[in-house]
Amino acid sequence: MLRRPREAQPDAITSEIGAILAPLDIFPWGPLAMNYLGVPIVLGTAMIAVHDKDYQTACQKLQESEFHKTVPDRRPAPELLARLPNPDKVMRKVNKKYERLDKSTTIFDYPANHHLAVGLKLIVVPNSFANLPIQDAASDLPTKKYEVYGNIFHPLEEALIESMAKGVLIDENDQNAPTSIWGDTLSTWIAMMVSYLEINNDILDSCPDKRAVEWFSGRYGRIHEEKFGPWDRRVSKRLGSGREIPVDMRGNLLAE
């Protein structure tokens, strides 16, 4: 797959949530934010971060708009579940891995008559969990890190990478969540952004959290390239053809 062009405005999902939660500031996060930047990712959940002080108000506003609090259903297809000798035990282990995420956020089903009710979940995230570089007041945000549409603040590459790198480190160091795989999810998202977006090794050079800078450098930046060489972003051959696609995952022409 190739990257898509960056969106010129918030998508319908984000715009609707922004209208429901107005005048609260909202920050699309996770797959929703990545999709805006052009990463070809499937949207199974829409994640929206808010200021910590607005978190309970945001959840209340959604409930007043007939969104329903729910719990994640991570069960496999019934025929697969039936093959397990102890399905309940297996699902307890699976859900344990997501316990930190589930305890820190609130997940909603869309209203029953909404056209997204079947295919999408909404997760509201306090920024103490998302770790976006934001202040208490939206007017204090560094504009180069966000694109602003009213009360919607779309994080750009630098802010999104910084928030996820911090999240990985927090997850890895959380002694109360030794089985968590949330950090692995964040790391996978970063890998996708590094592959598809124009993210260079200096993306976090201005980040005040030097641990995050070092982590990114070791996994995806300068230190990684010094050890293993530049990333190979070539796209696999098209099915049925004997030729390489002449552009990389970012859509840039390959040198002949």
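This is a predicted model: local features need pLDDT of at least 70, side-chain atom pairs count only at pLDDT 80 or more; totals for chains, interfaces and linings use all residues.

Tutor: Residues are numbered from 1 along each chain as its sequence is written, and side-chain values use heavy atoms, with hydrogens and water left out.

Student: How many helices and strands does the protein have?

Tutor: Helices (H or I, at least four residues) and strands (E, at least two) are DSSP runs, numbered from the N terminus. On that basis the secondary structure comes to 11 helices and seven strands.

Student: What is the radius of gyration of the protein?

Tutor: The radius is taken over C-alpha atoms, and the globule rule is 2.2 Å times the number of residues to the power 0.38. With 256 residues, a compact globule would be near 18 Å, and the value for the protein agrees with that: 20 Å.

Student: What percentage of the residues in the protein is buried?

Tutor: Buried means under 20% relative accessible area, exposed over 50%, and partly exposed in between (1.4 Å probe, protein chains only). Of the 256 residues, the buried part is 47%.

Student: Which element gives the largest share of the lining of the largest pocket?

Tutor: A pocket is an open set of points on a 1 Å grid over the protein atoms alone where a 1.4 Å probe fits, with protein on both sides within 12 Å along at least five of seven lines; lining residues have an atom within 4 Å of a point. The largest one has a volume of about 530 Å³, the volume being the space filled by probe spheres set on the points, which are joined across faces, edges and corners. Of its 21 lining residues, T45, P72, R74, I107 and I123 are closest to the centre. Elements giving two or more residues include strand 2 (45–50) and strand 5 (121–126), while the largest share, three residues, comes from helix 9.

Student: Is L122 buried or exposed?

Tutor: L122 lies in strand 5. Not counting residues up to four places away in sequence, L122 touches I17, A46, I48, L62, F67, T106, I107, F108 and Y110 (contact means heavy atoms within 4.5 Å). Its relative accessibility is 0%, so L122 counts as buried.

Student: Which residues is I181 in contact with, leaving aside its neighbours within four places in sequence?

Tutor: I181 lies in the loop between helix 8 (157–172) and helix 9, and at 23% relative accessibility I181 counts as partly exposed. I181 and K96 are 85 residues apart in sequence, with C-alpha atoms 9.3 Å apart in space. The contacts of I181 beyond those neighbours are K97, Y98 and D171.

Student: Which peptide bond is cis?

Tutor: The proline concerned, P23, lies in the loop between helix 1 (12–21) and strand 1 (27–29). With omega near 10°, the cis bond is the one from A22 to P23.

Student: What is the phi of N131?

Tutor: N131 sits in the loop between helix 7 (127–130) and strand 6 (146–149). N131 is buried, at a relative accessible area of 13%. Although N131 is not a glycine, its phi is positive, at about 65°.
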